[in-house]
Amino acid sequence: MPSSLKARTSGTTELLYESFLSRWLVIAVGLVRAYLARGSYHGLYYSIEKPLKYFQTGALLEILHCAVGIVPSSVVLTGFQVMSRVFLTWAVTHSVREVQSEDSVLLFVVAWTVTEIIRYSFYTFSLLNHLPYLIKWARYTFFFVLYPMGVAGELLTIYAALPYVQKTGLYSITLPNNYNFSFDYHTFLILVMISYIPLFPQLYFHMIRQRKKVLGHVEEYSKVE
Amino acid sequence: VFVFVFDWQVEPNATIGEIKSMFHKSHVLFDIFKLFIRGKSLKDEDVLQHLPVGTTATFYFRDLGAQISWVTVFLTEYAGPLLIYLMFYFRVPFIYVPKYDFTTSKHWVVHLACMCHSFHYVKRLLETLFVHRFSHGTMPLRNIFKNCTYYWGFAAWMAYYINHPLYTPPTYGEQQIRLALTVFLFCQIGNFSIHIALRNLRPPGSKTRKIPYPTKNPFTWIFLLVSCPNYTYELGSWLGFTLMTQCLPVAAFTLVGFIQMTVWAKGKHRSYLKEFRDYPTLRSPILPFIL
């Protein structure tokens, strides 16, 4: 990426990431407070519903960042991850009211929140050229637990939504109609669930490879010394 | 990267093709590859003494990987839609509700659509066998899987709805269908005319490239405005078929095909401009004046 562009955008990008970071902290704080207030973790989705929707949708900007080159991540991988999160937030959790009180929703919300707090801290500190090793380590280590946690939460939520989608025919188009087209959202959701099988391992192993690359260097240096 | 050192005596008028087969004789595993000099790829017809080499020559190899012939790919990818569509048309079991097995649609437009779709792919198969002259013999093997998935998948998706027991005929009835059929046939003839014109540009067995020009056939006069009228007519055919069937999947197929053909047309247009200094400036890649 041309260095002139980097210099011009780095100020705004840092502010942007700090704001993203603080939003996810807001969600985290919101969750903790609601939990303490209620004494249980049921229905915590409602306490952070609005911020979650806006922040996760705002993450669409990230795809642009990758495309322009401000962030060195791949457009395809980031795009895919953002799309899947936006899909889960709006097309599943928001659309199917009955799943909003499911524990699986909390599972992926917590996974996303912790991941994003670490990730945005990582980006912000990187841009400021003051990256504590702890943050870098956390970014490339926590995913071992957070990824499967998030995936489990997402899959369980979609699975929970299935009977309601089938009953109400949500987002589905049936024949006959003037454009000779049909769409069954229920089947579509099942296909989405199946797609996790080839896709999730690829993302997971990609992160493991990244980890070796990023954290591997430091171990080599310490061996040399 | 492989490094080979040879001490062959070769005539100055030897062609690259001959050198390649000499290499293949001694290294049998290398049969499909490209030779490069100074980053430029070499054709089989290039003659040694016309290349920038002295008394010794350094060639670079690029292994092209597993290959398959263009003819094989085309025949496979076109035979699929032809047969698949017919399976849906005849309502073979396990597609629709069992009471409809082996029945036929009550709408005459559905029969017409089957005839048009089948005609289109039979035409393509015959053109592959008897009309087209291919520049390259082969393409990468993985293309056949990619291409067949695309053609076969879309054919099944379209055919499912057009031949469905609950199919709804076009809103404007006979008028719409008649217009659609006219457009379709006009563009099929146009597309065929262009294929013939392009074939006649190139003598049999040759790989020369010339600028195509309008001929006596009025369907080729579109060459005045467009570099790749075969794609223009193809788009027209599918727009006709979309209008005829009033089916959203057909519209989707038309759109995706249009995007791909535009990419190809732009590439071809660019290479025409690069190769021929006197290339007509009025021409656009695929849509007159627009694209």
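Between chain B and chain A of this predicted model, six residue pairs are in polar contact, with both residues of each pair at pLDDT 80 or more. On the side of chain B that touches chain A, the elements giving two or more residues are α4 (142-162) and α7 (248-275) of chain B, and the residues of this side divide into seven nonpolar, five polar and no charged. Across the interface of the two chains, zero salt bridges are found. The contact draws 12 residues from chain B and eight residues from chain A, and the two chains bury about 910 Å² between them, with 57% of that area on carbon and sulfur atoms.

Within chain B, the axes of helix α3 (residues 108-130) and helix α5 (residues 173-200) come within 12 Å and cross at roughly 5°. Angles under 35 degrees count as roughly parallel, and α3(B) and α5(B) are therefore roughly parallel to each other. From α3(B), the contact is made by B:W108, B:V109, B:L112, B:C116, B:F119, B:H120, B:K123, B:E127 and B:F130, while α5(B) contributes B:E174, B:I177, B:L181, B:F184, B:Q188, B:N191, B:F192, B:H195 and B:R199. Taken by residue class, the contact of α3(B) with α5(B) comprises 10 nonpolar, four polar and four charged residues; among those named are the charged residues B:K123 and B:E127 of α3(B), together with B:E174 and B:R199 of α5(B).

Definitions and conventions: Residues numbered from 1 in each chain as written. Chains lettered and ligands numbered in written order. Predicted model: local features only at pLDDT ≥ 70, side-chain atom pairs only at ≥ 80, totals over all residues. Heavy atoms only, no water. Contact = heavy atoms within 4.5 Å. Buried area = accessible area lost by both parts, 1.4 Å probe. Salt bridge = Lys/Arg side-chain N within 4 Å of Asp/Glu carboxyl O. Polar contact = N/O pair within 3.5 Å; in protein donor to acceptor, adjacent residues only side chain to side chain. Helix = DSSP H or I, 4+ residues; strand = E, 2+ residues; numbered from the N terminus. Axes fitted to C-alpha atoms, helices over the stretch in contact; angles between N-to-C directions. Parallel < 35°, antiparallel > 145°, perpendicular 65-115°, else oblique.
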